[in-house]
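Please find below a colleague's note on the model shown here.

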2 protein chains.
Amino acid sequence: MRERGLRWTPQRRAIIEVLAEARGHVTAADLVDRCRTLDPTTVPSTVYRTLDVLEELGLVRHGHGTDGREEFHVGPAVAQHAHLYCSVCGGRWELTDERADAVLAAFRAADDFEADLSHMTVVGRCGACRRAAS
Amino acid sequence: MRERGLRWTPQRRAIIEVLAEARGHVTAADLVDRCRTLDPTTVPSTVYRTLDVLEELGLVRHGHGTDGREEFHVGPAVAQHAHLYCSVCGGRWELTDERADAVLAAFRAADDFEADLSHMTVVGRCGACRRAAS
DNA sequence: ATTAATGCAAACGGTTTGCACTACT
DNA sequence: AGTAGTGCAAACCGTTTGCATTAAT
């Protein structure tokens with residue numbers, strides 16, 4: 001199936017399984033933990049190495065969260081969704097592609113820059129918290 | 001002068017000096033190194049602690065670079081400038097406040113979100129690299 | 001004399017590496 | 001049989017911490 005000279009091992013299966021049910025984003029460290037609850041013998045290096053492979057295959061993409069930790073996005077939604085984080089209420093959510101497009105357009109207009117918003121989490125304040133503050 | 005119950009020590013002086021001549025942004029680790037070349041006895045903990053203090057005073061602000069490392073912005077330009085990074089050519093630069101404003105407006109319009117662009121580096125492709133690619 | 005700030009050294013968390021071993025193919 | 005992939009353990013890097021010591025006020 002997904003072989004390009006790659007091997008299909010139980011641990012890869014496990015990692016992909018965990019990735020699948022974590023639809024959206026997970027930090028690498030989180031992933032290690034979740035794998036470990038699933039199979040306590042899981043070892044970090046394997047997880048990290050598998051993530052590298054998956055990234056090469058284009059199945060996941062890594063970015064960095066607010067605190068700088070590696071974060072992975074899975075599946076077809078790997079594209080242009082932006083990650084938002086409210087530093088007041090701690091909320092995390094994402095922008096739908098259409099909405100993200102407007103922001104991308106702004107970057108383009110401002111500096112001829114093609115931003116890859118999926119790579120990082122943008123920090124700020126959500127509408128609710130902003131209104132609450134004033 | 002800048003005392004609010006704080007003490008003026010040689011090592012703080014050194015750190016501020018280094019910060020000053022690094023106008024713009026430096027990673028914390030970089031800062032430690034530069035301080036060490038200036039005074040080899042410099043120890044990381046002092047630097048990090050001083051940075052915390054300076055941040056509390058509002059003199060610096062920390063964010064995270066592309067690789068997730070802590071990065072500090074100094075001086076009056078602490079405000080709303082965005083950090084851009086081109087993953088193709090490796091270029092780094094920033095958006096002037098006026099230009100950044102347009103992007104902020106887009107975030108506001110898209111999701112009623114007040115982004116703090118100064119907190120992170122946005123990854124993408126600069127105009128030149130984009131054109132070169134196509 | 002107070003007590004804020006330092007230096008040191010050790011610990012941390014997340015991630016990476018070398019190497020011998022295992023097990024897919 | 002061949003070699004991709006694993007497990008382990010140790011190292012890495014940036015950062016944080018506890019504690020005894022120093023030095024600014």
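The points below describe how the two chains meet.

1. Basis of the note. This is a predicted model, in which local features need pLDDT of at least 70 and side-chain atom pairs count only at pLDDT 80 or more, while totals for chains, interfaces and linings use all residues. Residues are numbered from 1 along each chain as its sequence is written, chains are lettered from A and ligands numbered from 1 in the order in which they are written, and side-chain values use heavy atoms, with hydrogens and water left out.

2. Extent. In chain B, 34 residues are in contact with 34 residues of chain A (heavy atoms within 4.5 Å). The two chains bury about 2800 Å² between them, with 62% of it on carbon and sulfur atoms; buried area is the accessible area (1.4 Å probe) lost when two parts are put together, summed over both.

3. Charged pairs. Between chain B and chain A there are 8 salt bridges (a side-chain nitrogen of Lys or Arg within 4 Å of a carboxyl oxygen of Asp or Glu). One of these joins the side chains of B:Arg99 and A:Asp111, at 3.1 Å from N to O.

4. Contributing elements. Helices (H or I, at least four residues) and strands (E, at least two) are DSSP runs, numbered from the N terminus. Among the elements of chain B that each supply at least two residues to the side touching chain A are strand 4 (82–86), helix 4 (97–111) and helix 5 (127–133). Helix 4 of chain B gives the largest share of that side, 8 residues.

5. Strand pairing. Strand 6 (residues 114–115) of chain A runs antiparallel to strand 7 of chain B, and 2 bridges join them (pairing requires at least two DSSP bridges). A:Glu114 has B:Arg125 as its bridge partner in strand 7 of chain B.
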